Amino acid sequence: MKILIADIPEEGLIVDLHERLTTDDGSVIAPVVSHLDLQKMGTEVMIRGSLRTEVSLECSRCLQPFRRNMDIPVNVVYHPLEEVAGEGIPVRHALNADEMDMGFYREGEIDLQELLREQIVLDAQMKPLCDDKCKGICPKCGTDLNKGTCTCSRESVDPRLEVLKQYFQKRKE
Ligand SMILES: [Zn+2]
Ligand SMILES: [Zn+2]
């Protein structure tokens, strides 16, 4: 669903969506239900709301597929791409803009499906776990430790944990 910025009234626009959505990895397995509040601030458009659906993900520890109900907040400020291309990094006019994601629109319209798709993909990338207590797989022999045990020693550091550590350190910077 596409929204023309010019069609958003001064008092804002509430959009309720309930539709099927596909992502490249096919992770979305239920209709997406979303409630969005669109507000114009100059050339920027603030979109706040929520998004619910069900996704099928691969556990980052044991690599088994599992289903998860997704219920995430949507907080995005859209800037006109044309303006950004001319001026470089956009100035953040919006209040609390630091806590909001940044998006770009072009030719005066925002594709809400694209917005929801991005939010789902972003959330799905956050180290999905089938269960908080998932034991993962043995890095040496590949045994799924939720299903069985192996005789390998656990003293060496799991190289995947090392990668994660670096990832979080980078995110902090
Ligand atoms: Zn798992
Ligand atoms: Zn093992």
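This is a predicted model: local features need pLDDT of at least 70, side-chain atom pairs count only at pLDDT 80 or more; totals for chains, interfaces and linings use all residues.
User: Which residues of α2 are buried?

Analyst: The buried residues are L112, L115, L116, Q119, I120, D123 and A124. They cover an arc of only 160° around the axis, which puts them on the same side of α2.

User: What makes D111 a cap of the N-terminal end of α2?

Analyst: A side-chain oxygen of D111 lies 3.0 Å from the backbone nitrogen of Q113. A polar contact requires N or O atoms within 3.5 Å, and D111 caps the helix at that end.

User: Why is the arrangement around the zinc ion (ligand 2) called tetrahedral?

Analyst: The zinc ion (ligand 2) is coordinated by the SG atoms of C138, C141, C150 and C152, at 2.3 to 2.4 Å. Four donors count as tetrahedral if all angles lie between 85 and 135 degrees. The 4 donor atoms here subtend angles of 104 to 115°, and the arrangement is therefore tetrahedral.

User: Is C141 buried or partly exposed?

Analyst: Buried means under 20% relative accessible area, and exposed means over 50%. C141 has 41% relative accessibility and therefore counts as partly exposed, whereas C138, at 2%, counts as buried.

User: What makes C59 and C62 buried?

Analyst: Both belong to the site of the zinc ion (ligand 1), where C59, C62, C130 and C134 coordinate through SG at 2.2 to 2.4 Å. C59 has a relative accessible area of 0% and is therefore buried; C62, with 4%, is also buried.

Terms used. Residues are numbered from 1 along each chain as its sequence is written. Chains are lettered from A and ligands numbered from 1 in the order in which they are written. Side-chain values use heavy atoms; hydrogens and water are left out. Buried means under 20% relative accessible area, exposed over 50%, partly exposed in between (1.4 Å probe, protein chains only). Helices (H or I, at least four residues) and strands (E, at least two) are DSSP runs, numbered from the N terminus. The arc is that of the directions from the helix axis to the C-beta atoms. A polar contact is a pair of N or O atoms within 3.5 Å; within protein, one must be able to donate a hydrogen and the other to accept it, and residues adjacent in sequence count only if both atoms are side-chain atoms. Donors are N, O and S atoms within 2.8 Å of the metal (3.2 Å for Na, K and Ca); water is not among the atoms, so sites may look incomplete. Four donors count as tetrahedral if all angles lie between 85 and 135 degrees; four count as square planar and six as octahedral if opposite donors are over 155 degrees apart and all others between 65 and 115; anything else is irregular.
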